Amino acid sequence: FKQLSLVKTKIEKDKKDYTPPEDKQLSLKEKNWKIEGPRASFEIQRFDITSEIIPDEEMSKIVGAVSETMEILKKKELGSTQSVWDATAETVRTTESAIGNFVADLMRISYNCDFALIQGGGIRSNDLYGPG
């Protein structure tokens, strides 16, 4: 599996400056697991993500197609709210939020189950929405 962590430098995120926690580094780690009886061991190789990495042409096409579709879908109005939904990282990662409740309710209804959980790190817009 692959793990991606954040970097110490500023990243532009949704037209706002975002500075990730200082104790993180931007790196890609590949883990090569070995199962030895009841134990697992692995070796880690570190690859720094820099502009020197050549983008994969096939993946770039896929991302481009999905991005175009998402731009069209984002313009479609699905409903409205009478209050402000706070989707800032500070709120969704530290407390219960209206937007988190909404997403969990959508999951609960979609899968016809009694409850649903969502972790706040999955909400990444870092913005305020509504009313409207």
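Thr81 is in contact with Gly130, Pro131 and Gly132, neighbours within four places in sequence being left aside. In this predicted model, Thr81 belongs to the loop between helix 1 and strand 6 (85-86). Its relative accessibility is 15%, so Thr81 counts as buried, the limit being 20%. The side chain of Thr81 also makes a polar contact of 3.3 Å with the side chain of Trp85.

The peptide bond from Gly130 to Pro131 is cis, and its omega is near -10°. Pro131 is placed in the segment after strand 7 (128-129). Ser83 touches Pro131 too, along with Tyr129 and Gly130, when residues up to four places away in sequence are not counted. Like Thr81, Ser83 sits in the loop between helix 1 and strand 6. Ser83 has a relative accessible area of 38%; this value falls between the 20% and 50% limits, and Ser83 is therefore partly exposed. Between the C-alpha atoms of Ser83 and Ala98 the distance is 9.4 Å, with 15 residues separating the two in sequence.

The chain as a whole contains three helices and seven strands. Read from the N terminus, the order of elements is β-β-β-β-β-α-β-α-α-β. Of its 132 residues, 17% count as buried. Contacts between residues at least 6 apart in sequence were also sorted by separation: 42% of them join residues at least 24 apart.

Trp85, the polar partner of Thr81, is also part of the largest nonpolar core. That core has five residues, namely Trp85, Ala87, Val92, Ile99 and Ile123. Ile99 reaches each of the other members. Its contacts, leaving aside neighbours within four places in sequence, are Trp85, Asp86, Ala87, Val92, Ile123 and Tyr129. Thr91 lies in helix 2, which spans residues 89-92. With a relative accessibility of 16%, under the 20% limit, Thr91 counts as buried.

The largest pocket holds about 970 Å³ of space. Its lining consists of 21 residues. Those that lie nearest the pocket centre are Lys74, Leu78, Trp85, Ile99 and Tyr129. Two elements give two or more residues to this lining: helix 1 (57-74) and helix 3 (98-110). Helix 3 gives the most, with four residues. By class, ten lining residues are nonpolar, six are polar and five are charged.

Not counting residues up to four places away in sequence, Arg108 touches Cys113, Asp114, Phe115 and Ala116. Its relative accessible area is 29%, between the 20% and 50% limits, so Arg108 is partly exposed.

Asn126 has a relative accessibility of 14%, under the 20% limit, and so counts as buried.

Terms used: Residues numbered from 1 in each chain as written. Predicted model: local features only at pLDDT ≥ 70, side-chain atom pairs only at ≥ 80, totals over all residues. Heavy atoms only, no water. 1 Å grid on protein atoms, 1.4 Å probe; cavity = no way out; pocket = protein on both sides within 12 Å on 5 of 7 lines; lining within 4 Å. Points joined across faces, edges and corners; volume = space filled by probe spheres on them. Nonpolar A, V, L, I, M, F, W, Y, C, P; charged D, E, K, R; others polar. Core = buried A, V, L, I, M, F, W, Y, C linked by side-chain atoms within 4.5 Å. Buried < 20%, exposed > 50% of the residue type's maximum accessible area, 1.4 Å probe, protein only. Contact = heavy atoms within 4.5 Å. Polar contact = N/O pair within 3.5 Å; in protein donor to acceptor, adjacent residues only side chain to side chain.
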